[in-house]
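This report describes one protein chain for a reader who is new to structures. Please look at the sequence and the model first, then read on.

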Amino acid sequence: MRSVNRKGKEEGVGGLVRRPTLWDVALFVALFVLVFTIPGIIRGEKGDGTTLEVRTQTGVATFSLLEDGVHTLSGPLGEAKLTVRGGKARLENSPCPLKIGEAMGPVSKPGDVILCIPNRISIRVTGKVAVDAVSR
């Protein structure tokens with residue numbers, strides 16, 4: 001079904017479909033650029049792989065992988081322990097029902113991640129991630 005707008009021009013189905021304006025195209029291009037460039041900028045890693053970035057519901061904290069210790073992390077389900085020993089970090093005593101964060105094992109290399117989604121805790125080793133494959 002075609003309809004006619006106020007200017008006397010025909011429009012698409014029921015007047016719901018219209019031709020994109022210059023602003024529509026500009027918005028699409030801006031969103032496209034943001035979606036594909038911001039993650040790359042954010043991932044522009046700093047660090048040498050000896051720092052842990054820990055995110056909880058209360059904020060972001062950093063710990064050194066070079067210093068052994070036990071840190072208590074709070075989440076909506078309760079407290080979990082982050083143990084750093086010998087350059088490796090492991091999540092222990094998590095209150096999550098499936099204990100997937102504990103089962104992920106220790107992390108020590110840049111890009112390694114431990115996630116405890118139900119308790120909203122993420123632990124990541126910062127630093128440049130080594131490329132595991134290149135395609136030409």
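A residue counts as buried when its relative accessible area is under 20%, as exposed when over 50%, and as partly exposed in between (1.4 Å probe, protein chains only). The model is predicted, so local features need a pLDDT of at least 70, side-chain atom pairs count only at pLDDT 80 or more, and totals for chains, interfaces and linings use all residues. Residues are numbered from 1 along each chain as its sequence is written, and side-chain values use heavy atoms, with hydrogens and water left out.

## The chain as a whole

The protein chain has two helices and nine strands. Helices (H or I, at least four residues) and strands (E, at least two) are DSSP runs, numbered from the N terminus. In sequence order the pattern of the protein chain is β-β-α-β-β-β-β-β-α-β-β.

The protein chain has 136 residues, and 21% of them count as buried. Accessible areas come from the Shrake-Rupley method with a 1.4 Å probe; for residues, only the protein chains shown count as cover. A contact means heavy atoms within 4.5 Å. Among contacts between residues at least 6 apart in sequence, 31% join residues at least 24 apart.

## Strands and hairpins

Strands of a sheet pair through backbone hydrogen bonds, either parallel or antiparallel. Two strands are taken to pair if DSSP finds at least two bridges between them.

In which order do the strands of the open sheet of three strands lie? The order is β5-β6-β7, and the pairing is antiparallel. The edge strands are β5 (69-75) and β7 (88-92), each of which pairs on one side only. On average, neighbouring strands of this sheet are turned by 25° against each other, direction ignored. For such angles, axes are lines fitted to C-alpha atoms, for helices over the stretch in contact, and the angles run from 0 to 180 degrees between N-to-C directions.

β5 and strand β6 (residues 78-85) run antiparallel and are joined by seven bridges. G69 has V84 in β6 as its bridge partner, and T72 has K81 in β6. A hairpin through two residues joins β5 to β6.

On to the next pair: β6 and β7 also run antiparallel, with five bridges between them. Here K81 stands opposite E92 in β7. β6 and β7 form a hairpin with two residues between them, and G86 in the turn has a positive phi of about 60°.

Strand β3 (residues 51-56) pairs with strand β4 (residues 59-64) in the antiparallel sense, over six bridges. T56 stands opposite G59 in β4, and β3 and β4 form a hairpin with two residues between them.

## Salt bridges

Side chains of opposite charge can pair when their charged atoms come close. A salt bridge is a side-chain nitrogen of Lys or Arg within 4 Å of a carboxyl oxygen of Asp or Glu. By this rule the count is two.

| Salt bridge | N to O distance |
|---|---|
| R55 and E53 | 3.3 Å |
| E53 and R124 | 3.1 Å |

Is E53 buried or exposed? E53 counts as buried, because its relative accessibility is 16%. R55, at 41%, counts as partly exposed, and R124 is partly exposed with a relative accessible area of 23%.

E53 and R124 meet in a salt bridge. E53 lies in strand β3 and R124 in strand β9, so this pair ties together parts that are 71 residues apart in sequence. Salt bridges that share partners join E53, R55 and R124 into one network.

## Surface residues

A nonpolar patch on the surface is formed by V25, F28, V29, F32, V33, V35 and F36, with about 700 Å² of accessible area together. Patches are made of residues with over 30% relative accessible area and no salt bridge; like charges are joined within 9 Å, and nonpolar side chains (Val, Leu, Ile, Met, Phe, Trp, Tyr) within 5 Å. V25 sits in helix α1 (residues 22-42) and is partly exposed, with a relative accessible area of 42%.

K128 is found in the segment after β9 (121-125). K128 is exposed, since its relative accessible area is 67%. The C-alpha atoms of K128 and K109 are separated by 9.4 Å, while the two residues are 19 residues apart along the chain.
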